[in-house]
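Hi everyone, thanks for making time.

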Amino acid sequence: MLSNTSKMPGYSVSLSAWKCKTGDKLAKIKGSVCHDCYARKGRYNMPNVVDKMEERLKFFNALDFVPQMVAMLNKTRSPYFRWFDSGDVQNVRMALNIIDVVKATPEKKHWIPTKERKIWQEALKLEALPDNAVIRYSATMVDDTPPQDWEHSSAVVKNAAPIGHECPAPTQGGKCGECRACWSRDVKTVSYHKH
Ligand code: SF4
């Protein structure tokens, strides 16, 4: 269920980018951060990957998702975990379950990228986000400044100057190396280069 990419310092979990709610609308808009999405192309459309994504969506919606996910995370050594290296939260119940997983794994740091502002706003009215997680709300369009009223955010830049912390991965072989900015509550905005 979890992935361990060489790029990042820990494990991650993904859902199909075809299931993104806001992302699906943005994917049709030229110049949006979801247009030409890498997770809707190439190997992501291979039958085995599509099947894995379906399986993972069932897992996210399972009644025992929280204890299963906590058990899986507790088996991993890295203190860093990334939610949604593709895909996004689907509904408020899923968001609340994610918060419960974060609460139950206080020794892990959770990075939760999202474009689903309303879903997270509703969830956060019901349950506060623990200190060991960062929800990074993404700007909608490439080169746009993300909404400043959200505590943590991200931007994608092509021609504009980077906003906040510039992701160093392109200059270090596509890897995070020592950088942990995406997980840091001290970093308000991270900018990624459009590739
Ligand atoms: S900003 Fe740092 S932590 Fe985030 S993806 Fe880039 S290298 Fe990794």
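Let me start with a term: a cavity here is a set of grid points, worked out over the protein atoms alone, where a 1.4 Å probe fits but cannot get out. A molecule sits in one if more than half of its atoms lie within 2 Å of the cavity's grid points. Please keep in mind that this is a predicted model.

The largest cavity holds about 100 Å³ of space, and that is the space taken by the ligand.

Now, what lines the largest cavity? There are 13 lining residues, and those nearest its centre are Cys167, Cys176, Cys179, Cys182 and Tyr192. By type, the lining has 11 nonpolar residues, two charged ones and no polar ones.

Let's turn to the ligand itself. Around the ligand we find Lys7, His165, Cys167, Pro168, Cys176, Cys179, Arg180, Ala181, Cys182, Trp183 and Val190. This shell counts eight nonpolar residues, two charged and one polar.

Finally, let's move over to the strands. Strand 2, residues 80-83, pairs with strand 3 in the parallel sense, over three bridges. Within that pairing, look for Phe81, which stands opposite His110 of strand 3. Why is strand 3 largely enclosed by the rest of the structure? Strand 3 covers residues 109-114, and five of its six residues are buried, so the rest of the structure largely encloses it.

Technical notes:
Residues numbered from 1 in each chain as written. Predicted model: local features only at pLDDT ≥ 70, side-chain atom pairs only at ≥ 80, totals over all residues. Heavy atoms only, no water. Near = heavy atom within 4 Å. 1 Å grid on protein atoms, 1.4 Å probe; cavity = no way out; pocket = protein on both sides within 12 Å on 5 of 7 lines; lining within 4 Å. Nonpolar A, V, L, I, M, F, W, Y, C, P; charged D, E, K, R; others polar. Points joined across faces, edges and corners; volume = space filled by probe spheres on them. Buried < 20%, exposed > 50% of the residue type's maximum accessible area, 1.4 Å probe, protein only. Helix = DSSP H or I, 4+ residues; strand = E, 2+ residues; numbered from the N terminus. Pairing = 2+ DSSP bridges.
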